[in-house]
Amino acid sequence: MNVGIGMTSQRTRMRMLERLKEQGIKDAMVLAAMNALPRHPFVEEALHSRAYEDTPLPIGQGQTISSPYTVARSCELACQGRILERVLEIGGGCGYQAAVLSKLAKEVVSIERIAKLVGRARLTLRGLRINNVLMKNADGSHGFKEAAPFDAIIVAAAMPYIPEELKHQLKPGGRLVAPVGAGESQHLVVVDASPEGGYSERILEAVRFVPLLEGVS
Ligand code: SAH
C-alpha cells in the first residue's frame with residue numbers, strides 16, 4: 001500500500017485550487033495549469049506530504065519553492081488571460097513555476113544561477129514530459145538578450161530596482177512582474193511595455209522573496 005498517495009492525490013491538489021480561488025486567483029488558465037500539474041515531484045520526498053500547503057518549502061542550496069499563491073499571482077499578472085508565445089523566468093529554482101508557465105506559453109526560458117538546482121529541475125521536468133522549457137544555468141540579473149523579446153518576464157527573486165535592459169527585452173504589449181526591494185521591504189512591481197513604446201510601472205502588494213544574487217554557483 002502506498003501510504004503517501006492520499007497526501008499527493010488529485011483531491012489534495014483540488015483543495016490547493018480551492019484555496020487559491022479563495023485567496024483571489026481568478027485566471028481560469030492559471031488555475032487549470034496548476035490543477036493539471038503535480039507539485040510534489042518538485043520537492044524532496046520527505047516533504048511530499050506538504051507540497052500542496054500554501055507555504056514556501058526548502059529545495060536545497062538554501063533556496064525555496066515559492067508558495068502556490070505566489071506562483072499563481074505572478075503567473076496571473078504576467079499572462080493577462082492570454083496564451084503567450086515566449087516567457088522568461090529569472091530564478092527558476094526547482095522548476096515548478098516554469099512547469100506552470102509551460103502550460104501558459106509556447107516556450108519558456110528559465111534562468112537559475114545554482115547549477116545543482118538546474119540539474120534537478122531538468123530531471124523533474126523531463127519526468128513530467130514537459131518539453132517546452134529551457135532551463136539555463138546563468139546569472140539572470142540582466143535577462144537573456146539572445147532569446148528576447150518576451151511576451152512576459154517573471155522574476156522570482158527580489159531585485160533592488162528593475163534594470164532598463166530588462167524592460168527592453170519585453171515585446172510591445174508585454175509585461176514584467178518582479179519583486180522589488182530588500183529584506184522585509186519588498187513590493188510586487190508590474191511593468192507594461194506599451195504598444196506605442198515606453199513603459200508604465202505599478203507597485204502592488206508587499207511580498208517576501210529571496211534576494212537576487214550575482215554570478216553563477
Ligand atoms: N521559481 C521558483 C522559485 C525559486 S526561488 C519556484 O517555482 O518555486 C528564487 C531562485 O532565484 C533561487 O533558486 C535562486 O537561486 C535564484 N536566483 C537568485 N539570483 C539569481 C540570478 N541572478 N539569476 C538566476 N537565478 C537567481
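Me: What volume does the largest pocket have?
Reply: In this predicted model, the largest pocket has a volume of about 710 Å³.

Me: And which residues lie nearest its centre?
Reply: T64, S66, A156, F209 and V210 lie nearest the centre of the largest pocket. The lining comprises 42 residues, with these five among them.

Me: Which one gives the most?
Reply: Helix 3 does, with five residues in the lining of the largest pocket.

Me: How do the lining residues divide by class?
Reply: The lining of the largest pocket has 21 nonpolar residues, 13 polar residues and eight charged residues.

Me: Now the ligand. Where does it sit?
Reply: The ligand sits in the largest pocket. Strand 2, helix 4 and strand 4 are the elements that give two or more residues to the shell around the ligand.

Me: Which of these gives the most to the shell?
Reply: Strand 2 gives the most, with three residues in the shell around the ligand.

Me: How many residues surround the ligand, and which are closest?
Reply: The ligand is surrounded by 25 residues, and the closest are E89, E112, D139, G140 and L213. By class, the shell has 12 nonpolar residues, nine polar residues and four charged residues.

Me: What lies 2.8 Å from a nitrogen atom of the ligand?
Reply: A polar side-chain atom of E89 lies at that distance from a ligand nitrogen atom. For D139, an N or O atom in the side chain is likewise 2.8 Å from a nitrogen atom of the ligand.

Me: What about R113: which part of that residue is 3.3 Å from a ligand nitrogen?
Reply: For R113, a polar backbone atom is 3.3 Å from a nitrogen atom of the ligand.

Me: How much of the ligand's accessible area does the protein cover?
Reply: On its own, the ligand has 580 Å² of accessible area, and the protein covers 99% of that area.

Me: Changing topic: what is the volume of the second largest pocket, and which residues line it?
Reply: The second largest pocket has a volume of about 170 Å³. Its lining is formed by S141, H142, M159, P160, Y161, P163, E165, L212, L213 and E214.

Me: How does that lining divide by class?
Reply: The lining of the second largest pocket has six nonpolar residues, two polar residues and two charged residues.

Definitions and conventions: Residues are numbered from 1 along each chain as its sequence is written. This is a predicted model: local features need pLDDT of at least 70, side-chain atom pairs count only at pLDDT 80 or more; totals for chains, interfaces and linings use all residues. Side-chain values use heavy atoms; hydrogens and water are left out. On a 1 Å grid over the protein atoms alone, a cavity is a set of points where a 1.4 Å probe fits but cannot get out, and a pocket is an open set with protein on both sides within 12 Å along at least five of seven lines; lining residues have an atom within 4 Å of a point. Grid points are joined across faces, edges and corners, and a volume is the space filled by probe spheres set on the points. Helices (H or I, at least four residues) and strands (E, at least two) are DSSP runs, numbered from the N terminus. Ala, Val, Leu, Ile, Met, Phe, Trp, Tyr, Cys and Pro count as nonpolar, Asp, Glu, Lys and Arg as charged, and the others, Gly among them, as polar. A residue is near a molecule or strand if one of its heavy atoms lies within 4 Å of it. A polar contact is a pair of N or O atoms within 3.5 Å; within protein, one must be able to donate a hydrogen and the other to accept it, and residues adjacent in sequence count only if both atoms are side-chain atoms. Accessible areas come from the Shrake-Rupley method with a 1.4 Å probe; for residues, only the protein chains shown count as cover. A molecule sits in a cavity or pocket if more than half of its atoms lie within 2 Å of its grid points.
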